[in-house]
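Thank you for letting me take a few minutes this morning.

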Amino acid sequence: MSDIAIKVGGLGKKYLIGHNVERANTLRDQIVQSAATIRRNMTRTFQGKQILTGAEVEEFWALKDVDFEIPKGDVVGIVGRNGAGKSTLLKVLSRITDPTTGQAKIHGRVASLLEVGTGFHPELTGRENIFLNGAILGMSRAEIRSKMDEIVAFSGVEKFLDTPVKRYSSGMSVRLAFSVAAHLEPEILIVDEVLAVGDAEFQRKSLGKMEQVANEGRTVIIVSHNQGSLRSLCKSGILLQKGQLVMTGTIDEVLTRYSGETNISSSAITDDGKHGFAFTDFRLDSALGTIRSAVSGTPCEMVVGYRADVESTPEITLGIGVLDAFGNRLLHLSSGDFDQVLSTSPEGEIRIALDRLPLAAGRYLINFTVNLDGNRTGARFHNVPGAAVIEVEQGDFYGTEVTGEFRQMGPVLVNHRWSQ
Amino acid sequence: MAISSDESDRVLVLEPGRSEKNYWGDLWNYRELFFVLAWRDVSVRYKQSALGALWAIMRPVLAMIVFTFIFGRVANLPSVGDVPYPIMVYAGMLPWFLVASVLGDASQSLVANANMISKIYYPRLITPAASSIVSLVDFCISFGVFVILMIVYLFMPSWQIIFLPLFVIYAVAVAFGPAMLLASLNVRYRDFRFVVPFLIQFGLYISPVGFSSSVVPEQWRLLYNLNPAVSVIDGFRWCLLGSEAAIYWPGFALGLSVTVFFLWLGFRSFRKAERSFADYI
């Protein structure tokens with residue numbers, strides 16, 4: 001037995017996609033285009049090829065020249081933007097689809113969980129669906145029977161076990177489905193974005209279960225957009241971009257690289273400006289460089305990019321509002337509070353340094369308010385609500401090394417001491 | 001699935017165009033899934049239908065009444081020996097409905113389970129096979145009706161009835177070959193969804209369901225047997241009605257070869273297309 005669980009070499013997957021180059025403007029053009037499409041599809045049918053819609057056919061490589069090795073017992077997070085090829089990679093590794101080039105060698109029994117509740121039948125009862133879904137995921141009836149109690153207890157739907165699943169709320173059926181999947185015991189587990197189901201409490205439970213699986217020495221491959229859970233579950237990471245492998249390394253290295261890359265393209269602010277002043281950029285800088293998600297309790301800098309017409313707007317005061325998902329203002333950082341007037345340049349940056357980021361894990365909205373007449377009252381204002389979104393990850397704000405999903409329940413953190 | 005320890009050490013290689021070496025072993029490993037899917041299809045078949053399993057009885061019974069009236073009374077065709085006409089019709093109706101429903105359900109089964117195919121791996125052959133089990137269950141119910149019918153008509157089946165299981169398997173085989181072919185074509189070209197009901201309707205006319213195949217003129221008989229359903233129906237009648245419904249052996253051999261050919265063709269095209277089902281479905 002070797003120590004490698006999965007070895008992938010030169011793996012590629014090609015799809016053909018059809019699309020319309022130009023819209024037909026007249027009925028005649030439309031008929032001509034349709035006729036061409038039908039003729040092409042007839043020919044392709046006789047050749048046994050895929051039929052395509054649209055006038056133009058294009059090759060599209062969902063994966064290209066991907067090489068990596070995963071040792072036994074490793075927990076690997078696959079990271080990348082939408083369309084980077086993560087799901088295609090998982091589909092190839094779980095044998096759902098064939099690669100176009102290259103090969104993958106897999107040592108051990110694989111179970112893949114690309115969707116919660118595959119094959120669930122609405123007419124069947126909860127209990128029946130446990131057997132059905134279990135069999136679909138590769139469990140034997142004896143195995144399911146022996147784990148039935150555990151599965152039911154985990155899902156928390158005991159009372160409705162003999163009710164058809166179509167009468168369940170969507171949350172209930174998702175919980176039941178995840179519970180079945182959580183009790184799989186393969187050597188290699190492939191998971192796609194399924195940790196984000198159910199309410200917050202169930203998510204914590206699921207994450208705990210995944211941690212348990214990871215600690216049992218199984219090989220796990222996870223795709224998730226939740227950087228916090230990837231960081232806590234995974235040892236190593238794989239970064240994909242446009243179907244190609246960018247890097248492999250520890251999960252921290254990979255996520256840092258990924259955050260840097262996403263930031264550059266997603267930070268552009270749409271602000272058409274007012275009175276010759278417009279915001280162009282917002283980002284967070286840390287000791288590691290530009291980051292998309294900051295870690296709670298670490299030092300960081302907010303950087304605001306702008307363009308200004310120096311003649312009409314020589315001085316400003318700037319306010320940055322931090323809002324929660326419900327639009328409640330949690331913090332307001334204003335240069336006005338420091339009686340600090342900022343002088344403008346045609347293109348510039350304003351930096352706001354925070355010693356310790358006082359926000360708990362979560363997503364926050366950034367609002368800009370600028371007083372275009374410096375600090376004089378009754379002046380011209382320019383507001384940009386919802387200018388940017390920042391993501392804050394769980395961190396050790398208090399320096400107590402106490403973390404976990406149950407910690408830091410309020411959004412704003414403030415240093416304090418306990419005594420009795 | 002229960003996998004022995006030596007198998008868990010085996011290396012699985014995924015490569016373009018690589019044919020799975022232990023395909024049959026894999027099918028065997030997934031037998032649990034086959035049973036569970038068959039059980040699912042059977043148990044949801046008549047859920048939320050007011051008459052439930054009564055449908056499995058009503059379809060052949062109503063068809064029998066209509067056919068007896070049209071072919072037996074209006075067209076005045078002869079039965080087999082002195083067998084009552086309804087019994088003769090029903091003995092042909094049984095295998096015909098089995099063939100038609102295996103063909104209909106199995107060929108649509110892949111598309112009906114598109115979600116499973118795009119999300120998990122398993123030998124895809126399980127899907128049409130499991131859906132055929134539903135047809136077999138329906139067949140058993142319809143056969144129960146036949147028993148009642150025999151009692152009503154005080155009809156004693158011949159000793160050949162012991163061969164009936166063989167002909168049931170044959171009936172499924174007749175339908176399963178074309179069903180595999182159509183199922184795999186249906187994944188890529190949904191046009192075949194419209195072909196299947198047409199085939200079944202057409203098949204009813206060119207199969208000796210409402211009449212005995214002995215009414216077909218002698219010189220056309222061999223040609224008539226190109227339709228393998230003919231040999232299935234003849235075989236059923238021979239089993240159930242006795243030696244008076246003699247099997248036309250050259251025709252039977254032809255029907256059997258057509259069936260084997262379609263099984264081979266269907267299996268081959270299914271295996272070839274199977275690996276890319278998830279990409280097209």
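Before I come to the interior, let me say what I mean by a nonpolar core: a set of buried Ala, Val, Leu, Ile, Met, Phe, Trp, Tyr and Cys residues joined through C-beta atoms within 7 Å, where buried means that 20 or more other C-beta atoms lie within 10 Å of a residue's own. Please also keep in mind that this is a predicted model.

With that in hand, the largest nonpolar core has 139 residues, and those with the most contacts inside it are Val99(B) and Ala171(B). Its largest share, 17 residues, is contributed by helix α5(B). If we leave aside residues up to four places away in sequence, Ala171(B) touches Pro95(B), Leu98(B), Val99(B) and Val232(B). There is also a second, separate core, of 27 residues, which includes Phe279(A), Val322(A), Ile366(A) and Phe368(A).

Among the buried residues of α7(B) are Ile126(B), Val134(B), Asp138(B), Phe139(B) and Ser142(B). And what covers these buried residues? The cover includes α3 (31–45), α4 (54–74), α5 (85–112) and α8 (164–188) of chain B. After the helix comes Leu154(B), whose phi is positive, near 50 degrees.

Turning now to chain A, we find it divided into domain 1 (21–54), domain 2 (63–259) and domain 3 (267–393), and the C-alpha centres of domain 2 and domain 3 of this chain lie 39 Å apart.

Chain A also has an open sheet of six strands with mixed pairing, in the order β5-β6-β7-β3-β8-β9. Its edge strands are β5 (110–113) and β9 (244–250) of chain A, each of which pairs on one side only. On average, and with direction ignored, neighbouring strands of the sheet are turned by 15 degrees against each other. Within it, β6 (residues 188–192) and β7 (residues 219–223) of chain A pair in the parallel sense over five bridges, and Asp192(A) stands opposite Val223(A) in β7(A). Helix α2 of chain A, residues 86–93, packs on this sheet, touching β3 (75–79), β5, β6, β7 and β8 (236–241) of chain A, and its direction makes about 150 degrees with that of β6(A).

How values were computed: Residues numbered from 1 in each chain as written. Chains lettered and ligands numbered in written order. Predicted model: local features only at pLDDT ≥ 70, side-chain atom pairs only at ≥ 80, totals over all residues. Domains from an automatic or database assignment. Buried ≥ 20, exposed ≤ 12 C-beta atoms within 10 Å, placed from the backbone. Helix = DSSP H or I, 4+ residues; strand = E, 2+ residues; numbered from the N terminus. Contact = placed C-beta atoms within 7 Å. Pairing = 2+ DSSP bridges. Axes fitted to C-alpha atoms, helices over the stretch in contact; angles between N-to-C directions.
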